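Hello,

Here is the structure I promised to pass on to you. Please have it open while you read my notes below.

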Amino acid sequence: MYITFTGAARCVTGSCTLIETGDKKILVDCGLRQGADAKKTPVKDGFVFDAGQIDAVFLTHAHIDHSGLIPLLVKKGFKGDVFCTEATSRLCSIMFPDGGHIQEMETEWANRKRRRAGKKEIEPLYTIEDAKRAITHLSPLDYGERKEVMEDIAVRFIDAGHLLGSASIELCVEDKKLVFSGDIGNKDKPIIKDPIYIEDADIVIMESTYGDRNHKDLLPTDEQLKIALIAALKRGGNIVIPSFAVGRTQEVLYAISIMLEENSIPELQKVPVYIDSPLGIAATEIFKSSSKGYFDKEAMAYKSEGVKFFSFKTLVVAQSVDESKAINFDKRQKIIISSSGMCDAGRIKHHLKHNIWRADSTVLFVGYQARGTLGRRILDGADNIRIFGEEIRPRATIKRIEGFSGHADREGLLEWIGHFPTSVSKVFVNHGENSVSMKFADDLVALGYDAVSPELLDTFDTKMMISDHRKVAAVQPEPADIMDELSSKLGEVSKEQKRRMEKELENLLKKWDKE
């Protein structure tokens with residue numbers, strides 16, 4: 001049996017692991033690369049394997065960095081089943097078409113620029129129709145249900161506590177038991193249950209997103225949000241919350257609904273709360289109807305008392321484009337929850353454009369911001385940012401609440417792996433930034449585990465448990481793309497960074513002149 005890390009190896013997004021055994025080829029996750037990770041794509045607009053030869057996909061959860069390329073897999077010829085939990089299947093049924101819509105819209109926007117520049121037009125990575133076909137491949141299973149999906153391959157999904165329906169996966173292949181952590185959740189997260197621990201495996205593949213740090217919050221997350229909202233309301237401007245449409249949006253709504261129910265912020269009672277994300281709205285409806293088997297005891301208790309997490313009186317849903325545009329013409333102070341969570345796409349960019357330059361506004365981050373994303377640049381304090389080609393100087397107050405993180409911190413990751421004996425054959429550490437995953441693997445070695453952080457496209461033979469490094473050369477960006485990126489970056493970095501970049505370019509030009 002061979003294991004090849006075709007995604008999320010020494011980076012955070014694009015989870016995709018290929019397992020080859022006999023004449024069978026299966027994937028665990030098939031995610032979209034985002035931010036800086038997108039530039040590490042080993043094959044442009046495709047995969048390093050033949051999609052038509054993949055027999056099945058096992059999906060840990062619905063977030064696009066784990067599921068976002070399944071429609072492309074289907075477009076490229078995949079004919080098999082995508083096994084996942086029931087809640088994951090329901091969420092993917094709305095997320096796949098939303099992804100197709102984004103691909104079509106962004107491609108159309110790019111092609112308008114390319115036509116003006118006399119360049120050849122490009123095609124979307126996949127379309128809404130590709131996404132709809134992908135939905136028909138979803139094959140849901142219950143938590144804890146063991147299913148033999150093909151000869152010598154059986155699967156079981158265990159609650160990972162990260163997102164509604166998220167799972168760690170036990171995969172029995174031939175005579176070995178592989179455990180994929182998926183994204184491991186925090187304990188005491190709102191709405192959903194805590195992660196369930198697994199205690200035996202031959203091989204473990206685990207994430208390391210926060211493998212280098214613990215969540216530093218001294219106060220509970222809801223208390224932090226309360227403090228941030230009180231300060232933001234006093235400033236008088238709008239409160240913009242970039243939020244992942246699936247999971248984080250519902251958690252923020254849950255927290256606000258409890259504050260309203262308990263009247264812990266009297267000023268909040270008259271402030272409209274907008275959800276401006278068609279996907280977020282659809283996901284909220286799925287959360288509404290998925291309490292049984294997924295919600296934790298606290299959420300079920302509040303629900304039995306009649307608390308309406310997702311339909312309180314000040315909640316306003318902006319479904320259409322016109323409703324979205326109207327938000328920025330509403331002169332009242334308001335809370336705007338919109339996606340995408342990392343600010344690279346979606347309606348959130350419009351709300352940032354209208355609000356981030358205003359000193360009385362607040363931008364409140366409640367989720368992870370990957371390197372290379374607009375959200376990360378804002379959070380890192382860029383003097384200027386570029387939105388829809390316009391240079392904007394942020395003047396709003398920028399705040400971050402890390403306690404909403406759906407990922408376990410270092411302590412939580414160590415607790416999860418600590419349930420396995422150190423005698424497991426191998427622990428592969430992935431889904432973390434380069435230095436983080438490598439350091440976390442070293443930490444596991446110090447604890448007695450045989451651990452390694454594989455590089456992108458490393459292949460391991462499980463019989464010998466060594467890498468034979470069957471690599472494919474990464475596709476380099478075209479020169480024009482590099483210049484476009486440089487031009488964009490110069491408008492988004494600090495003055496000091498800009499001076500350093502200009503000095504480096506000046507030195508490079510002098511070197512060329514000498515040659």
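To begin with, in which sense do strands E2 and E3 pair, and over how many bridges? Strand E2 (residues 16-21) and strand E3 (residues 24-28) are antiparallel, with 5 bridges between them. Before going further, please keep in mind that this is a predicted model.

Ile19 has Ile26 in E3 as its bridge partner. The two strands form a hairpin with 2 residues between them, and Gly22 there has a positive phi near 60°. E3 also pairs with strand E4 (residues 56-58), this time in parallel, through 3 bridges.

Next comes the open sheet. Its 7 strands follow the order E7-E8-E9-E10-E11-E20-E21, and the pairing is mixed. At the edges are strand E7 (147-150) and strand E21 (451-452), each of which pairs on one side only. Helix H12 (residues 410-417) packs on this sheet, where it touches E9, strand E10 (176-180), strand E11 (203-207) and strand E20 (426-430). The direction of H12 makes about 165° with that of E11. A further helix, H13 (residues 434-446), lies across E11, E20 and E21 and runs at about 155° to E20.

E7 and E8 are antiparallel and joined by 3 bridges, with Met150 opposite Ile153 in E8. There are 2 residues between these strands, and Asp152 in the turn has a positive phi of about 65°.

Strand E8 (residues 153-159) then pairs with strand E9 (residues 167-173), again antiparallel, through 7 bridges. Phe157 faces Ile169 in E9 across this pairing. How much of E8 is buried? The strand is mostly covered, with 6 of its 7 residues buried.

On the helical side, have a look at H3 and H4. Helix H3 (residues 86-116) and helix H4 (residues 128-135) pack with their axes 7 Å apart, at an angle of about 165°. Angles over 145 degrees count as roughly antiparallel, and H3 and H4 are therefore roughly antiparallel to each other. Their crossing is right-handed.

Which residues meet where these helices pack? From H3 come Cys92, Ser93, Phe96, Pro97, Gly100, His101 and Glu104, while H4 brings Ile128, Ala131, Ala134 and Ile135. By class, this contact has 7 nonpolar, 3 polar and 1 charged residues.

H3 turns up again around helix H7 (residues 278-288). The buried residues of H7 are Leu279, Gly280, Ile281, Ala283, Thr284, Ile286 and Phe287. What covers them? The cover includes H3, helix H6 (248-262), strand E13 (273-276) and strand E14 (315-317).

That is what I have for now. I would be glad to hear your thoughts once you have looked through it.

Best wishes

Methods: Residues are numbered from 1 along each chain as its sequence is written. This is a predicted model: local features need pLDDT of at least 70, side-chain atom pairs count only at pLDDT 80 or more; totals for chains, interfaces and linings use all residues. Side-chain values use heavy atoms; hydrogens and water are left out. Axes are lines fitted to C-alpha atoms, for helices over the stretch in contact, and angles run from 0 to 180 degrees between N-to-C directions. Helices (H or I, at least four residues) and strands (E, at least two) are DSSP runs, numbered from the N terminus. Angles under 35 degrees count as roughly parallel, over 145 as roughly antiparallel, 65 to 115 as roughly perpendicular and the rest as oblique. A crossing is left-handed if the near helix is turned anticlockwise from the far one by less than a right angle, and right-handed if clockwise. Contact means heavy atoms within 4.5 Å. Ala, Val, Leu, Ile, Met, Phe, Trp, Tyr, Cys and Pro count as nonpolar, Asp, Glu, Lys and Arg as charged, and the others, Gly among them, as polar. Buried means under 20% relative accessible area, exposed over 50%, partly exposed in between (1.4 Å probe, protein chains only). Two strands pair if DSSP finds at least two bridges between them.
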